[in-house]
Amino acid sequence: MSGFLTGWLSVEAPVLLVVLPLVMAAICAVMPKDKIAWLLAFITTLICAVLAFDIVLQTRGEQVLSYALGGWEPPFGIEYRIDGLNAPVALLISAIAVICTLYALCSTDAEIEPKKRAPFYAAFLVAFAGLLGMVVTGDAFNVFVFLEVSSIATYVLVGMGASRDRRALNSAYNYLILGSIGATFFVIGVGFLYMETGTLNMADMADKLAVMGDVSRVSQVAFAFIVVGLGLKLAMFPLHLWLPGAYAYSPTAITAFLAATATKAALYLLFRFVFTVFDPSLEFIGATLTWLLAVLGVIGMFVASLQAIFQSDARRVLAFSSVAQVGYMLLGVGMGTALGLSAGYVHLINHGIIKGALFLALGAFWYRYGIVRVSDFKGLGKIMPWTMSAFTIAALALIGVPGTAGFISKFQLLDAAAQNGWWWAVGAIVVTSILAVIYMGRMLEAAWLQPAPEVNGKPVEKREAPLPMLVGMWVLAIAAIVFGVVPSWPVELANGAAQVMLGGGL
Amino acid sequence: MNSHMILRIVAKFLIPLIVVFGLYVHFHGDFGPGGGFQAGVIVAAGVILYALIFGLKACKEAVPPSWIRIGMTVGVLFYVGTGILTWLMGAKFLDFDILHPATDHPLGQHIGIILVELGVLFTVATVMVAIFYAFGSRQPEIMDEEQDF
């Protein structure tokens, strides 16, 4: 099937998706007025979202888009390769970026010093370009370059939270150290693969590795390095230590952007390497899936959910919940069946939407009333009804209430676990969902059932979040419901992705 | 400022040579070792030498920090601009062959690489100087207001 864009735009869309935000970032950095920089960033993300949507349409029905950069034909040159596996992730990233940019119009006024706002948008666009680059490229070393591009910009963005909370600097530094270790592990793995196969093009690499089969110890070592490196980036359970701080103290728009996209892009890379570059039917990869990814996923679901329950800072509750949700996705991947992969992939999309909405609403509470602690949520349902409603919808979706997107993906995951005969996993999903009820329920209970605090004997007056903020979180909240009631589109995308993963090579 | 006469005179003599050598490394980059990155570092070394000998203040008057910021952007735009040029000429992004019609010798590739590496030179040189300014301008005490470099 083809997209709605025609001619040049349609052909050049894969590379335009990365080039446009990179150019605009450079221009944004020297803009004298922050509102002009904002406008440029907003238009850029909007165009990228349109391009990404077109790419999703173009890649329907197992179509593959291949773009040879600089006219150097793959496997010698760098190839941008988009199929059913990465197109939806690119769309997710650019759609969330549009919403977060719109949101940043208001939130930066409160969080970033005026003269740092134009560089803030520039760094945001660089991070955005890096994430898109990681997703669309078909070259293993190019992945590393874009991984670093997005990571370095992200460290800066997290550190910019310092004018709101000095702990942001500490978190940014933590993230820098752990993120660099992750990238180093990844590039060591790519280096080993290059040594073994003599190519950096992923499709070519997959062909060469398929010939070698199980005998190559170097490729096994490479696999281990890549899984650990990406595990750090995607906050796989014991490697998630950078995440709570980075999510809690960065500027609110960035928190939402990171939570919805950064770990998702890294997770996509894990899918890409485990299933399409390597052959998942090999023994050592099967063992990794079952005994490492699935088991760590389940442990992460429990431990992070329990940690989320005992946090007093609402941002940290959601951050730990993110670690737990990554566990669900890893569990889906760990099953290695089409149903499990599809479930993990749907959860990736749905969780991006849901967590984005939650963090945006949380940022709005801070923007209006400086609320970050769960105990301060008292009466928020009466003070900020629209914001709190969006938060509630997303919270219900996170728990997995029927009729929301979270239910679809969790139910599919349950189904996949049951068909696999993994009854312990079924139990784990149900129990951790109950834990989610506890940690999200604490906030909802305080917000809706408790009276609003009083100032000088009068209840706090009602002050809704500004419109640009509300629009973004409501778009995501409505998406969480629509994808729960009519799940055909995300499920179709996920099935396409699962087909790419299990279809035997790229 | 009157002391260290030898240092000052040698530096004044050397800095233009350093910059020229940087440009040599850049333009000779597609025949021998070198390229935009190395050239950028060498050019930046010239500026940093000036700051070491004559002081940061004099250096900031000679190479203002506002230029540095613009230089970083210009470099990136030069690189991407080359790509956009190839787009406008009807080829793929960064396909340099279109830049020159010669068929017996890939002259277009030479032109393209020189242009792209010129962008790299700009960005690397200015970023190096920016890093130097950022570290050099650090205030020993905590100030009430943050100062830009």
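**Helix α18 of chain A.** I began with the buried residues of α18(A), which are M469(A), L470(A), G472(A), M473(A), L476(A), A477(A), A479(A), A480(A), F483(A) and G484(A). By buried I mean that 20 or more other C-beta atoms lie within 10 Å of a residue's own, against 12 or fewer for exposed and partly exposed in between, with C-beta atoms placed from the backbone. Helices here are DSSP runs of H or I with at least four residues, strands are runs of E with at least two, and both are numbered from the N terminus. The cover over these buried residues includes α3 (87-111), α13 (338-369), α15 (385-399), α16 (405-420) and α19 (488-502) of chain A. I also checked the length: the 19 residues (467-485) should span 27 Å at 1.5 Å a residue, and the end C-alpha atoms are 26 Å apart, which agrees. The expected span is 1.5 Å times one less than the number of residues.

**Ground rules.** I noted that this is a predicted model, in which local features need pLDDT of at least 70 and side-chain atom pairs count only at pLDDT 80 or more, while totals for chains, interfaces and linings use all residues. Residues are numbered from 1 along each chain as its sequence is written, and chains are lettered from A and ligands numbered from 1 in the order in which they are written.

**The core.** Which residues touch the most other members of the largest nonpolar core? I found C28(A), A357(A), A394(A) and A480(A), in a core of 242 residues. Such a core is a set of buried Ala, Val, Leu, Ile, Met, Phe, Trp, Tyr and Cys residues joined through C-beta atoms within 7 Å. Helix α10 (252-277) of chain A gives the most to this core, with 19 residues. Beyond four places in sequence, C28(A) has contacts that include A37(A), L40(A), A118(A) and Y121(A). A contact means C-beta atoms, placed from the backbone, within 7 Å.

**V56(A).** This residue sits in helix α2 (34-58) of chain A. I count V56(A) as buried because it has 22 C-beta neighbours inside 10 Å. Leaving out residues up to four places away, V56(A) touches A87(A), P88(A) and L91(A).

Most residues other than glycine have a negative phi, and most peptide bonds are trans. I found a cis bond from P74(A) to P75(A), with omega near 10°; P75(A) lies in the loop between β1 (65-68) and β2 (79-82) of chain A. A235(A) is not a glycine, yet its phi is near 65°; A235(A) belongs to the loop between α8 (217-234) and α9 (243-249) of chain A. A235(A) is buried, with 29 other C-beta atoms within 10 Å. L94(B), also not a glycine, has a positive phi of about 65°, and L94(B) is buried, with 23 other C-beta atoms within 10 Å.

**Chain B helices.** In α1(B) I saw a kink of about 30° at L14(B), shortly before P16(B); the bend is the angle between axes fitted to the seven residues ending there and the seven starting there. G22(B), V25(B) and H26(B) are buried in α1(B), and the buried residues of α1(B) pack against α2 (36-54) and α5 (107-136) of chain B.

Definitions and conventions: Two residues are in contact if their C-beta atoms, placed from the backbone, lie within 7 Å.
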